[in-house]
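Thanks for asking me to look this over.

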Amino acid sequence: MHIHRLEKIWLGIGIAMLAIFLIVLGTMAFSMGMAPPSEHHHTIDPDKVSETAPFDKPGLTQTGDKRYEAVMVAYAFGYDPAEKMEVAAGSTVDFMVTSSDVVHGFSIVGTNVNMMIEPGEISHISYTFDKPGEYLLLCNEYCGTGHEYMATTIVVKQEARG
Amino acid sequence: MKTFDRKDGRLVMAHILFAFAALLIGGIAGALQGMVRGGVVTLPANIGYYELLTAHGVLMALIFTTYFIIGFLYSGASHTLGGSLLPAAKKLGWYGCLMMSVGTVIGVVVILLGKATVLYTFYAPMKASPWFYIALALVVIGSWLSGYGIFYQYRKWKKGNAGKPSPLFGYMAVVTMLLWQVATIGVAIEVVVQLIPWSFGWVDRINVVLSRTLFWYFGHPLVYFWLLPAYICWYVIIPKIIGGRIFSDALARLSFMLFLLFSIPVGFHHQLMEPGISSFWKFAQVVLTFMVIVPSLMTAFSMFATFEMLGRSKGAKGLFGWLKVLPWKDVRFFAPFMGMLIFIPAGAGGVINASAQMNAVVHNTLWVTGHFHLTVATSVALTFFGIIYWLIPAVTGRVLTPAMNRRGIVQTIVWCVGMFLMSGSMHTVGLMGSPRRTAYTTYNDHPDAILWMPYETAMAIGGIILFVGVLLIVWNVISLMRAPKGVTEYPIGEPADKSETTPRFLERWGLWLGIAVALIVFAYTVPLIDMLNNTVTSPGYVTW
C-alpha cells in the first residue's frame with residue numbers, strides 16, 4: 001500500500017504528539033499521584049449506609065494540622081451533613097463519600113474536585129483549599145426530579161493574622 | 001447512468017422520513033428544554049424538564065441517527081453492490097425498520113407518560129418501566145436485522161465477483177454495521193440480562209458498576225457508528241460531487257478498519273471519574289482511545305488532499321489558492337464541508353475529554369454537552385443534511401432545484417450560527433463548572449452560579465436558532481419529495497490512481513475481527529472479572 005510522503009510526515013507528527021500527551025498524562029497519573037479518582041475495592045452495603053461507620057455520623061473531623069476528613073452521604077436530593085462545613089484557608093480535606101440511593105455527582109465549582117458517587121462504592125478525593133470563600137458543591141449527574149436542588153457549600157475562612 | 005431501483009428507494013425513504021420526523025419532535029423537545037435551562041421560559045407544571053431531556057436525547061442521538069444511517073447504507077448497498085437489493089436483504093431491511101419503529105413508538109409513549117425519565121443513558125439504579133427497556137431492545141434487534149441484510153448483499157456480491165475488490169461504499173457499509181454488531185452486544189447484555197428482569201421485579205438487585213461498564217462498552221463505539229456514515233460521504237461521495245478524485249482507496253479502507261479496532265475497547269474514558277475501576281485499566285483504555293485519533297488524522301489528510309488536487313488541476317496557484325475553486329454554492333458540498341471544518345475543534349475537544357485526569361475539569365459539565373453538539377449534532381448532522389439533497393432526488397427520480405439548493409445553503413448557515421452560539425456558550429460555561437443535564441437553577445443565588453446565567457441565556461438563543469434550522473431542513477425534505485421529476489445520479493467517486501491495487505488483506509474480515517476481539521478481551525477481561533467478583537448490588541429507585 002502506497003502512503004504519500006506528505007501523509008507520512010503528517011501522521012508522524014500527529015502520532016508523536018499523541019505519544020507525548022500520553023507520556024505526560026501517564027507520568028502525572030502514576031508517579032505524581034494525579035490519577036483520576038478510582039477508589040478500588042472499597043465498598044459498602046448500600047442498604048445499610050446509615051448504620052455503617054463512618055457514614056452513620058457524616059461530618060467533618062480534624063485529623064491533623066490543617067488536615068480534615070469529610071465523611072459525606074449523597075442522596076436524592078442533597079448531601080449529609082446538612083450543616084455547612086467550615087475549614088481554615090490552606091487546609092487539606094480528604095473527602096470520603098458514598099450514596100444511599102442512586103448515582104450522584106460530586107463537583108466543587110472552581111476546583112478540580114469532580115467525581116462520581118455510586119451506591120455500594122466509596123469514592124475518595126483530597127483537595128487543599130488555598131483561597132478563602134464559599135465553595136459551591138453540586139451534583140452533576142442527573143439523579144431525578146430534584147437534581148437541580150442538590151447542592152451544598154463549603155466555607156473556607158481567612159486565617160486569623162499573626 | 002444507472003437509475004436507482006424504485007422499490008429499494010421506498011425502503012430508503014421510509015428510513016429517511018422516519019429519521020426527520022424524529023428530528024422534528026426531538027428538536028421541539030430540545031428547543032423547549034434549552035429555553036427552560038436558560039431561564040427564558042417556565043414550563044407548565046405538567047411538563048417536566050427531564051422528560052423533555054430524555055425525549056430529546058433518545059430521539060436525536062438514537063432514533064434520528066440510526067434511521068438515517070440504515071437508510072443511507074441501504075441506498076449505497078443497493079447502488080454499488082449489484083444495482084438493486086436482493087429479496088432477502090430487502091426483507092431484512094423492512095423487518096428491521098418495522099421492529100425499530102414499534103420500539104420507538106413504545107419508547108416515546110413511555111417517556112412522555114413519565115415512566116422512564118432516566119435520560120438516554122438510563123443509568124441504574126434508577127429504574128424505568130420495563131417497557132422502556134423492551135422498546136430499546138426492539139430498536140437494537142431491528143438494527144441487527146438491517147445489518148444482516150447488508151452483510152447478505154455484500155456476500156452475494158463477493159460470490160458473483162470473485163477476485164475483485166468490493167466497491168468502497170459497500171465495504172465501508174459492512175465495516176460500519178460490523179462495528180455496530182460488536183458494540184451493541186454490551187448494551188444488549190445490560191438490557192436483557194440486567195435491566196429487564198430487574199425492572200419486572202424478577203430479581204431485586206442490580207450490579208451498578210457492571211451495568212455502567214456494559215453501557216459504555218457500547219456508548220463510545222456508538223459515536224463512531226454515527227461518524228462512519230458521515231466519513232463514507234466524505235470519502236466516497238464528496239470527491240464525485242466536486243468533480244475530484246478519491247485520494248487513496250486503500251488508505252480509506254485502512255482508516256475504517258482502524259476504527260473497527262480502536263473505537264470499542266475504550267469505554268472507560270467515559271468512566272474516568274468513577275469508583276470501582278482501577279487506575280491502571282482506565283489508563284490502558286485512554287491509550288487505546290488515543291489510537292482512534294489516528295484514522296481521523298488520516299481522513300483529514302485525505303479530504304484536504306482531494307480538495308487541493310482538484311484545485312491544482314483547475315489551475316489554482318499559491319498555498320491556499322485551491323480553496324477558491326471549491327463549489328461553495330453547492331449545498332451537497334457546502335453542508336458536509338462545514339461539518340468537516342467543525343470536526344477540527346470538535347475532535348480537539350474530544351482529545352481533552354479523554355485525557356485521563358484532565359477529564360476532572362470538564363466531566364459532567366456543559367462542556368461535554370457542547371462537545372457532542374459539535375461532533376454528532378454538527379459534523380455528523382450537517383453531513384447527513386447535505387446527503388439528502390442528492391439522495392432523495394436520486395432514489396425518488398427527481399432533481400434538485402436551484403431554489404432548494406439556496407435554501408439548503410441558508411439552512412447550513414443558520415445551523416452553524418446557532419451552534420456557534422449554543423455550543424460555544426456550553427463549552428465556556430462548562431469550564432466555569434456549570435453542570436450538564438440540570439434544569440434551571442441558581443443554587444440559592446450562589447455567586448458562581450449567577451455568573452453562568454448570561455451564557456445559559458446565550459445557549460437558549462442558540463437553541464432557538466437551531467430550531468429554526470430544524471424547521472428549515474424539514475421544509476427542505478418535504479420540498480425534495482415534491483421536486484420536479486427527472487434523473488439524479490447517485491454520486492460515487494473514483495480513486496485518483498486507478499493503477500494502484502488495493503491490498504487483499506484489507507478484506508480479510510476474520511483477521512480484523514479477530515484483532516478487534518483480542519483488543520476487547522485485553523481491555524475488559526480483568527476489570528470485568530473484578531466487577532463480578534466484588535459484586536455490590538443495589539435495589540432500584542424511582543426518583544422522578
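1. Let me begin with a helix in chain B. Helix α3 of chain B, residues 87-112, has 26 residues and reaches 37 Å from its first C-alpha to its last. That is close to the 38 Å expected at 1.5 Å a residue. Just after α3(B) comes B:Gly114, which takes a positive phi of about 80°. Please keep in mind throughout that this is a predicted model.

2. Helix α13(B) covers residues 402-431, which makes 30 residues. From first C-alpha to last it reaches 43 Å, close to the 44 Å expected at 1.5 Å a residue.

3. How do α10(B) and α13(B) pack, and at what angle? Helix α10 of chain B (residues 331-353) packs against α13(B) at about 10°, and the two axes are 9 Å apart. The angle is under 35 degrees, so α10(B) counts as roughly parallel to α13(B). On the α10(B) side the contact is made by B:Val331, B:Phe334, B:Ala335 and B:Met338. They meet B:Asn405, B:Gly408, B:Ile409, B:Thr412 and B:Cys416 of α13(B). Sorted by class, this contact has 6 nonpolar residues, 3 polar ones and no charged ones.

4. Do have a look at the backbone of B:Ala356 as well. This residue sits in the loop between α10 and α11 (359-362) of chain B. For context, most residues other than glycine have a negative phi.

5. Two proline peptide bonds in chain A deserve a check by eye. The bond that joins A:Ala53 and A:Pro54 is cis, with omega about 0°, and A:Pro54 lies in the loop between α1 and β1 (59-64) of chain A. The bond from A:Asp80 to A:Pro81 is also cis, with omega near 5°. A:Pro81 belongs to the loop between β3 (78-80) and β4 of chain A. As background, most peptide bonds are trans.

6. Now to the strands of chain A. In which order do the strands of the open sheet of 5 strands run? The order is β4-β10-β9-β6-β7, and the pairing is mixed. β4 (85-88) and β7 of chain A are the edge strands, each pairing on one side only. From one strand to the next the twist averages 25°. Within this sheet, β6(A) and β7(A) run antiparallel and are joined by 4 bridges. A:Gly105 stands opposite A:Met116 in β7(A).

7. With strand β2 of chain A (residues 67-75) it runs parallel, over 8 bridges. A:Val71 has A:Met96 in β5(A) as its bridge partner. With strand β8 of chain A (residues 123-129), β5(A) pairs in the antiparallel sense over 7 bridges. There A:Asp94 stands opposite A:Ser126 in β8(A).

8. The domain assignment of chain A gives domain 1 (1-35) and domain 2 (46-157). How far apart do the C-alpha centres of domain 1 and domain 2 of chain A lie? They are 36 Å apart.

9. Last, the meeting of the two chains. In this model, 55 residues of chain A are in contact with 55 residues of chain B. On the chain A side, α1 (5-31), β6 (104-108), β7 (114-117) and β9 (133-138) each supply at least two residues. Which element gives the most to that side of chain A? It is α1(A), with 12 residues. The residues of chain A that touch chain B divide into 30 nonpolar, 18 polar and 7 charged.

Methods. Residues numbered from 1 in each chain as written. Chains lettered and ligands numbered in written order. Predicted model: local features only at pLDDT ≥ 70, side-chain atom pairs only at ≥ 80, totals over all residues. Expected span 1.5 Å × (residues − 1). Axes fitted to C-alpha atoms, helices over the stretch in contact; angles between N-to-C directions. Parallel < 35°, antiparallel > 145°, perpendicular 65-115°, else oblique. Contact = placed C-beta atoms within 7 Å. Nonpolar A, V, L, I, M, F, W, Y, C, P; charged D, E, K, R; others polar. Domains from an automatic or database assignment. Pairing = 2+ DSSP bridges.
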